[in-house]
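Please keep the sequence and the model in view while reading.

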Amino acid sequence: MDYAAIDALRERHPAWRMLRATHAPLLLSFLGRFFVDEGHGASPEGEIIDALDDELYMRNGEDPENPRFKRAAADYLTEWASTDSGFLRRFYPLGTDEIHYDATPALEKAYSWVQSLHARPFVGTESRLQTAIELLRQIAQGTEVDPEIRLAELQRRKQEIEREIEQIEADPEAGLLDITAVRDRYQQFSSTARELLADFREVEENFRALDRSARERIATWKGSKGDLLEELVSGRSRIDSSDQGRSFQAFYDMLLSSSGQEELSALLERLTTIDELKADRSIRTVHHGWAEAAERTQLTVRQISEQLRRFTDDQIWLENRRVLDLVREIEGTALELRTGAPPECGLELEQAGVDVSLPTERPLHSVRPASEVDSLLPPAEQEDVDTSVLADQVIVDPARLAARLRNLVPERGTALLEDVVTMYPVEHGAAELVGYLALDTDDIEVTTDEQEETVIEYDEAGRSMRARMPRVVVRRR
């Protein structure tokens, strides 16, 4: 890192700007706790504003007469997600119209660096040394082409395992780690687990940059469709075949394997049962956070493929539209030729024969006979009509029906409508049944059960009638 590179990072990198911000303590403490410590992913704007409101209220309550933070929580959030700041990513997820915010890799780096400034009461070195040796051993074993050397290494490991088995059989407590060694390994594991989540955000940001560049290329491309598709697909292939792409895919496959998930869950469950360790509760579900972060990264990759498909569909639509324009152009030319002069080019032929129109071919005038119209209608015969039915109206009193139900059904009780009409026979036919169904009072509720059917018989105008309807239940509140 030379002077120019460091100066450029100081001016342009969001993590450095975050450390130089006016409200850096508020920014790092709140966003670091919300997104890193508590493990929140992309969250709705309302949820973050509520949490930030609580944080501002608590900070201003330390000195009510001279509050330090006088702006609204939404204003702070908008400023942190602006292009000039770049501390948060502001976007609309697919299928929703609510703004969401997510942490950026710059926030992860700045918060991790600030955390590293704390003096650690315990710094483990043994586990890291063993990890370094094990990594060297894997590199040496994985790049050895001589099968004899690889078999000799496997035989050595086999002898070590057999020796450990004999020691445990002789002494059940042999090989157990003391509490210092356990704390050493737990510290390294928790640090690696959080670094994985931070690395996922950086990998996701790299894929998102590829998606953004693909959209920009599509929007400004003026060449052929095949050349653009070849360029975009080759870019996607370079990502998949890169070291980062292969490493991420191997991690994703291992994480989604059922055996790996079961083993990881069992190990984390065992970790939380060690009382002396006092493991963080978030470590118990850290593998779920890995899976969610990996899925978000895969979603970004799928969006790149979806963008390619949409581009192809748009090109097909444009080609179809060009065909329609050509068809309309041909039709317009045909209309011009029909209404205007024929073109000069072509073949002229004289028509054989002469059109002859004789005067005698025209028909003579024929007089139409006069039509007789009789507009007078014969008088209609008088009929005897019984007009009393016009005044014979049936009036159903809802209050009377409600009083019957109150007398018959106790409070908080129920009854069927067929039982009610058995006690109080129908007097006004179907109108009375409709009156029962239309009752709506404070203490009476009438409901119907569409799954069951009932038949109610009654007399109307001297005739026996039968009404088939869903079962009606009357309830007293």
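How many bridges join E4 to strand E6? Three bridges join the two strands, E6 covering residues 463–476, and they run antiparallel to each other. The model is a predicted one, and its protein chain contains 18 helices and six strands. Of the 477 residues in the protein chain, 25% count as buried, and among the contacts with a separation of 6 or more, 63% are between residues 24 or more positions apart.

**The sheet of E4, E5 and E6**

- Three strands make up an open sheet in the order E4-E6-E5, and their pairing is antiparallel.
- Helix H18 (residues 430–437) lies across E5 and E6, and its direction is at about 165° to that of E5.

**Methionine 465 in strand E6**

- Methionine 465 belongs to strand E6 and is partly exposed, its relative accessible area being 28%.
- Once neighbours within four places in sequence are set aside, methionine 465 is in contact with Ile456, Glu457, Tyr458 and Glu460.
- Methionine 465 and glycine 429 are separated by 36 residues in sequence, while their C-alpha atoms are 8.3 Å apart in space.

- In helix H16 (residues 398–408) the buried residues are Leu401, Ala402, Arg404 and Leu405.
- These residues span an arc of only 155° around the axis, which means that they lie on the same side of H16.
- An α-helix has 3.6 residues a turn, so residues three or four places apart point the same way.
- The exposed residues Ala399 and Asn407 are carried on the face of H16 that is turned away from its buried side.
- What do the buried residues of H16 pack against? They pack against helix H17 (417–423), H18, E5 and E6.
- Arginine 412 is located in the loop between H16 and E4, and at 77% relative accessibility it counts as exposed.
- The phi of arginine 412 is near 60°, which is a positive value in a residue other than glycine.
- Most residues other than glycine have a negative phi.

- Not counting residues up to four places away in sequence, glutamate 432 touches Val396, Leu401, Arg404, Pro425, Val426 and Glu427.
- Two of these contacts, Leu401 and Arg404, are also among the buried residues of H16.

**The sheet of E1, E2 and E3**

- A further open sheet consists of three strands in the order E1-E3-E2, again with antiparallel pairing.
- Strand E1 (43–44) and strand E2 (88–91) stand at its edges with a single partner strand each, so one side of each is left without a neighbour in the sheet.
- E1 pairs with strand E3 (residues 100–103) in the antiparallel sense over two bridges, and proline 44 has histidine 100 in E3 as its bridge partner.

**The packing of H4 and H5**

- Helix H4 (residues 45–60) packs with helix H5 (residues 73–80) at an angle of about 115°, and their axes are 9 Å apart.
- The crossing of H4 and H5 is right-handed.
- On the H4 side, Glu45, Ile48, Ile49, Leu52, Asp53 and Leu56 take part, and they meet Ala73, Ala74, Tyr76, Leu77 and Trp80 of H5.
- The residues of this contact comprise nine that are nonpolar, none that are polar and two that are charged.

Note on methods. Residues numbered from 1 in each chain as written. Predicted model: local features only at pLDDT ≥ 70, side-chain atom pairs only at ≥ 80, totals over all residues. Heavy atoms only, no water. Axes fitted to C-alpha atoms, helices over the stretch in contact; angles between N-to-C directions. Helix = DSSP H or I, 4+ residues; strand = E, 2+ residues; numbered from the N terminus. Left-handed = near helix turned anticlockwise from the far one by under 90°. Contact = heavy atoms within 4.5 Å. Nonpolar A, V, L, I, M, F, W, Y, C, P; charged D, E, K, R; others polar. Pairing = 2+ DSSP bridges. Buried < 20%, exposed > 50% of the residue type's maximum accessible area, 1.4 Å probe, protein only. Arc of directions from axis to C-beta.
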